[in-house]
Amino acid sequence: MEILYLIYVLVFIIGSIAGLLLSYKKHMEPFIISEIDVVYLVLAIIGWFLFLNFPLLSFIPSFIAISIGLFLIGLVIGARPGYGRKETVIGAIISISIYLVFHFLI
Amino acid sequence: MYLMADILINVILAFLAGSLLLGLHRKIMARIQLRPGPPIIQYLLHSLKFFFKESSFPKTASMPFYIGIVVILAGIWVTGVIVGPVTQGSLMIIFGIYAIHKIVEHNSGSSSGSPYGKVSCVRAVFSAAGELPLFACIAILFLITGSMNISDIIAYQAVHGPLIYTAPLAAIMFFTLILTKSPYSPFAITKGKDIISGFETEHYGFLRGFIMLSESVAWYILLWLFLTIFFGPIGIIGYVIGMIVITAITAFINATTPMLNPNHSVMAQFTITLVCLVGSIVMLLIL
């Protein structure tokens with residue numbers, strides 16, 4: 001079982017490193033842009049959705065859904081400091097809401 | 001065969017998870033101080049970076065100790081992984097590991113020949129007071145559960161509920177130990193910024209990489225132990241949430257508390273231990 005947890009941690013770290021490199025390539029300016037990046041927002045929502053709501057996608061094995069989710073979460077959360085924060089929070093709130101709706105209302 | 005694979009997987013997991021948690025610790029401290037702070041993976045990248053940096057050795061270093069002590073530091077925390085998550089062995093071995101950790105701090109400081117290391121070396125002797133809460137905590141747990149084995153303590157909690165309710169003062173003692181080990185802790189007198197990086201000051205290159213690796217593993221193991229012996233079988237989600245919450249709490253404390261001077265640090269740890277030990281014994285007698 002620990003091997004799965006190791007894979008999850010590794011995937012998150014690889015996602016974070018990729019996110020850091022991509023973000024520095026995309027934003028070379030010295031200041032922080034406070035607008036929400038739509039691409040990051042979509043990635044964050046998909047990532048958090050896969051991570052928290054993997055049982056809803058029964059056609060994908062759970063560990064693959066969680067791994068992809070953690071990679072995408074890492075990609076956004078690991079962005080250059082100051083970027084990807086709002087997107088992460090919005091993605092997490094949407095996914096937690098979906099989780100709560102499916103677990104407690106349906 | 002499987003045991004070796006289990007140990008290897010757990011050590012890598014402890015290193016990676018511990019590094020991420022220490023990165024989170026640094027990030028939270030930065031946010032409290034109104035700085036953006038480095039990314040969460042910064043601690044891990046730092047640790048890996050040191051393995052590829054040039055290693056240089058001070059002329060004043062006592063070489064066998066200077067190198068050997070780092071190997072011992074890595075060795076004891078790998079032992080911590082084996083005794084903790086892998087085999088769920090005795091808490092007395094964990095106490096021994098922590099005692100050796102203090103000896104490592106002492107010898108690491110003295111072996112480099114640096115004055116900063118030497119001050120840290122002397123402070124490591126003082127800070128042995130940090131072991132008192134751990135020993136008192138183990139003694140209280142033994143009185144309650146009748147065992148020092150982590151597996152027995154987990155089994156006890158599965159039947160009687162989490163020990164945090166039965167022995168909250170013992171949990172405070174263990175938390176004090178965790179706080180002592182956290183970066184920028186008010187009790188971290190051996191690594192005070194007044195002595196640069198204390199016993200680590202003169203260790204560069206791959207030696208510093210091994211020290212950072214060991215510290216990540218140590219942080220993971222201490223959090224794992226706290227959650228295991230006070231909250232019982234909580235599952236992976238419980239461990240993840242628990243580790244993040246404890247890291248966040250220690251980051252809040254460390255960001256808002258100045259570092260104590262050595263005698264205050266020792267007396268504070270001693271007082272916390274005494275109050276919690278007497279309180280725990282009184283609670284045991286009454287309940």
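## The fold of chain A

Along the principal axes, the C-alpha atoms of chain A fill a box of roughly 45 × 35 × 20 Å.

Of the 106 residues in chain A, 35% are buried. A residue is buried if 20 or more other C-beta atoms lie within 10 Å of its own, exposed if 12 or fewer, and partly exposed in between, with C-beta atoms placed from the backbone. Among contacts in chain A with a separation of 6 or more, 80% join residues 24 or more positions apart. Two residues are in contact if their C-beta atoms, placed from the backbone, lie within 7 Å.

Residues are numbered from 1 along each chain as its sequence is written, while chains are lettered from A and ligands numbered from 1 in the order in which they are written. Because this is a predicted model, local features need pLDDT of at least 70 and side-chain atom pairs count only at pLDDT 80 or more, while totals for chains, interfaces and linings use all residues.

The model scores ipTM 0.88 and pTM 0.91. Chain B has a mean pLDDT (the predictor's confidence in each residue, from 0 to 100) of 86, and 99% of its residues reach 70 or more.

## Where the chains meet

The contact between the chains takes 13 residues from chain A and 15 residues from chain B. On the side of chain A, these are 9 nonpolar, 3 polar and 1 charged residues. Ala, Val, Leu, Ile, Met, Phe, Trp, Tyr, Cys and Pro count as nonpolar, Asp, Glu, Lys and Arg as charged, and the others, Gly among them, as polar.

## A closer look at chain B

Lys49(B) is found in helix 2 (residues 42–52) of chain B. Is Lys49(B) buried or partly exposed? Lys49(B) counts as partly exposed because it has 13 C-beta neighbours inside 10 Å. Its C-alpha atom is separated by 7.5 Å from that of Gly209(B), although Lys49(B) and Gly209(B) are 160 residues apart along the chain.

Conventions:
Helices (H or I, at least four residues) and strands (E, at least two) are DSSP runs, numbered from the N terminus.
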